[in-house]
Amino acid sequence: MGKVTIKDIAKRSGYSKTSVSFAFNNPGRVAKETYEHIMAVAQEMGYSPDPAARILATRKTKTVGFLLPQPIEEIFDNQYLSELMRGIGSVCHREGFMLSVLSPLKGIISQTIQQACVDGIIILGVSNSSSVHAQFRQRKLPYVTMDADNSADYLNVGIDDEKAAEEMLDLLLDYGHRRICFCTLQPISTDIVDTEFSLTSDNRGNGILKSIKKHNLEETAKNSFIFYEASHKQEEAVKKAREILTMPNRPTAIYCMGDHQAIPFYFVAAQLGLKIPQDLSITGFDDLPSSSMLFPPLTVVHQPGYEKGRLAAELLVASLNGQECKSVLMESPVIERGSTAKVPENTK
């Protein structure tokens, strides 16, 4: 017998070709008993569907791409990215899509966009002037951005980073903190020829500047504020945290632009006998599930990655289905927990 086809399975099973096709491509369209019988017959006959043939016939891959502007080996060092992926994955599971994690092909994101075998892409952190938008339009590939600039030209899910960053610094300044260390985000690039930057970090930096000006602390900021680019690598982050917390006139507050940046400071503070928040206030910027389980629980800007990923995936699926969609601006309140307090009198 030659290669087994759907027609052969239909004949052997007693069901129509349409039912057999649904069983393989859209199981929800057939009864459980029908599906199980067709699968049993297919296995007995040694049938295996050809993905390439299905893609050519339907022009659909049933795959969503999650495009990140960094190598894949760096992705899972960042718990926030994992939360985004969990949210995207929950929608893919519900809607019957596979999820493909994409990174720059030979360092060039535009190459990835051109060659990715997906129905649509979710991409993280691009500006409205980025060349990737032209690449998506040229290929006529649906896409949704996360944490991008607001624009009527594409769909985006994000927060008001500037406002959230300003409100977080307001909290620390109102508590009297004047020696503050800011842990910024690592820069990313949207293509190998682009200047490296972090749109999110830039927007949060603008919010920090607004708070500084509001409190008339421009001179204080020049002399007493520390800014450094935090590493995702644990050993490097711990080493830097120890360096900062053993400085003469060490900071009284650590302002982290990602929750994961706070953990090395908790660790080193405990080693040095510093109590949080009595001796040191620490803030985060995500609200990862683990952040409320730190001791004391971490004060954060609330922007849950799981929810953001879920909303982005739902927008993309709706767009693929031809539905009218609009961008989503998530609420991002400051949630004060036990890691922040007024600056100690003896350290002002």
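Predicted model: local features only at pLDDT ≥ 70, side-chain atom pairs only at ≥ 80, totals over all residues.
Residues are numbered from 1 along each chain as its sequence is written, and side-chain values use heavy atoms, with hydrogens and water left out.

A polar atom of the aspartate 259 side chain lies 2.7 Å from the backbone nitrogen of phenylalanine 285. The side chain of aspartate 259 also reaches the backbone nitrogen of aspartate 287, at 2.8 Å.

## A charge over a ring

Phenylalanine 285 has the charged end of arginine 204 over its ring, 3.7 Å from the centre. For this label, NZ of Lys or CZ of Arg must be within 6 Å of the ring centre and within 35 degrees of the ring normal. Likewise, the charged end of lysine 62 sits over the ring of phenylalanine 97, 4.0 Å from its centre.

## Aromatic pairs

There are 6 aromatic pairs in the structure (ring centres of Phe, Tyr or Trp, the last by its six-membered ring, within 6.5 Å; planes under 30 degrees apart are stacked, over 60 edge-to-face, the rest tilted). Phenylalanine 182 and phenylalanine 227 form a stacked pair, 4.5 Å centre to centre with 10° between the planes. Phe182, Phe225, Phe227 and Tyr255 form one aromatic cluster.

Methods:
Polar contact = N/O pair within 3.5 Å; in protein donor to acceptor, adjacent residues only side chain to side chain.
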